[in-house]
Amino acid sequence: MIDINTEKPTQVVDITPMVEEAIKESGIEEGICLVYTNHTTTSIVINEAESGLTQDLLSRMASLAPPSEGYLHNRIDDNAHAHLQAALLGNSQVIPVREGSLVLGTWQKVLFVELDGPRHRKVSVTVMAISE
Ligand code: ZN
C-alpha cells in the first residue's frame with residue numbers, strides 16, 4: 001500500500017518510483033501490476049508528468065465537471081464534481097512488468113490524481129507473476 005498526503009484541493013502526484021519499489025519488494029520479474037486507488041474522488045492515469053500538462057488535465061476536468069452546479073450528491077458532502085471527475089478518469093491501471101520493472105514508454109509515468117484534497121490517501125499495488 002502506498003500512502004500519499006496530498007497538499008492541495010486538486011493535484012497530480014507522480015507515484016512511479018513508489019510503484020517500482022513495490023514491484024522490487026514483491027520479487028516478481030515477469031508479470032502484471034495493478035495500481036488501484038481506494039477512494040471515490042481520486043484517479044490513476046498513465047501519462048506525461050510535465051507540469052504544464054498536469055495543470056491542463058486538472059483544468060480540463062474542472063471544466064468538464066465544475067463545482068457547485070446543483071448536483072444531487074451535494075446534499076451529502078458537497079463534492080459531487082470530484083466524484084464525477086474521478087469517474088471520468090478511472091481508478092486503476094494495469095501495467096506490464098518485465099525484468100522487475102514497469103514497462104513504460106519514455107514519457108509515461110504512473111500519476112495519482114487528487115480531486116478533493118488535501119487528504120491522506122492510499123493506493124494499492126498488486127503484482128502478479130506470469131510464468132513463461
Ligand atoms: Zn461525496
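Trainee: What should I know before I start?

Mentor: The model is predicted, so local features need pLDDT of at least 70 and side-chain atom pairs count only at pLDDT 80 or more, while totals for chains, interfaces and linings use all residues. Residues are numbered from 1 along each chain as its sequence is written, and side-chain values use heavy atoms, with hydrogens and water left out.

Trainee: Is Asp 77 buried, partly exposed or exposed?

Mentor: Buried means under 20%, exposed over 50%, and partly exposed in between (1.4 Å probe, protein chains only). Asp 77 has 39% relative accessibility, so Asp 77 counts as partly exposed. His 83 is partly exposed too, because its relative accessible area is 22%.

Trainee: Where does Asp 78 lie?

Mentor: Learn the elements first. Helices (H or I, at least four residues) and strands (E, at least two) are DSSP runs, numbered from the N terminus. Asp 78 lies in the loop between α2 and α3. Asp 78 is exposed, because its relative accessible area is 52%. Check its backbone as well: phi is positive, about 60°, although Asp 78 is not a glycine.

Trainee: Where is Glu 99, and what is its phi?

Mentor: Glu 99 sits in the loop between β5 (92-98) and β6 (101-102). Its phi is near 50°, a positive value in a residue other than glycine. Glu 99 has 68% relative accessibility, so Glu 99 counts as exposed.

Trainee: Which peptide bond is cis?

Mentor: Look at omega. The bond from Gly 117 to Pro 118 is cis, with omega near -5°. Pro 118 lies in the loop between β7 (109-114) and β8 (120-129).

Trainee: Is Ser 43 buried or exposed?

Mentor: Ser 43 is buried, because its relative accessible area is 0%. Ser 43 belongs to strand β4 (residues 42-47).

Trainee: Which backbone oxygens does the side chain of Ser 43 meet?

Mentor: Think of polar contacts: pairs of N or O atoms within 3.5 Å. Within protein, one atom must be able to donate a hydrogen and the other to accept it, and residues adjacent in sequence count only if both atoms are side-chain atoms. The side chain of Ser 43 reaches the backbone oxygen of Ala 86 at 3.2 Å. For the backbone oxygen of Gly 90, the distance to a polar atom of that side chain is 3.1 Å.

Trainee: Which residues is Ser 43 in contact with?

Mentor: Contact means heavy atoms within 4.5 Å. Leaving aside neighbours within four places in sequence, the partners of Ser 43 include Thr 37, Leu 111, Phe 112 and Val 113.

Trainee: Where does Pro 67 lie?

Mentor: Pro 67 is in the loop between α2 (51-64) and α3 (80-89). Pro 67 has 43% relative accessibility, so Pro 67 counts as partly exposed.
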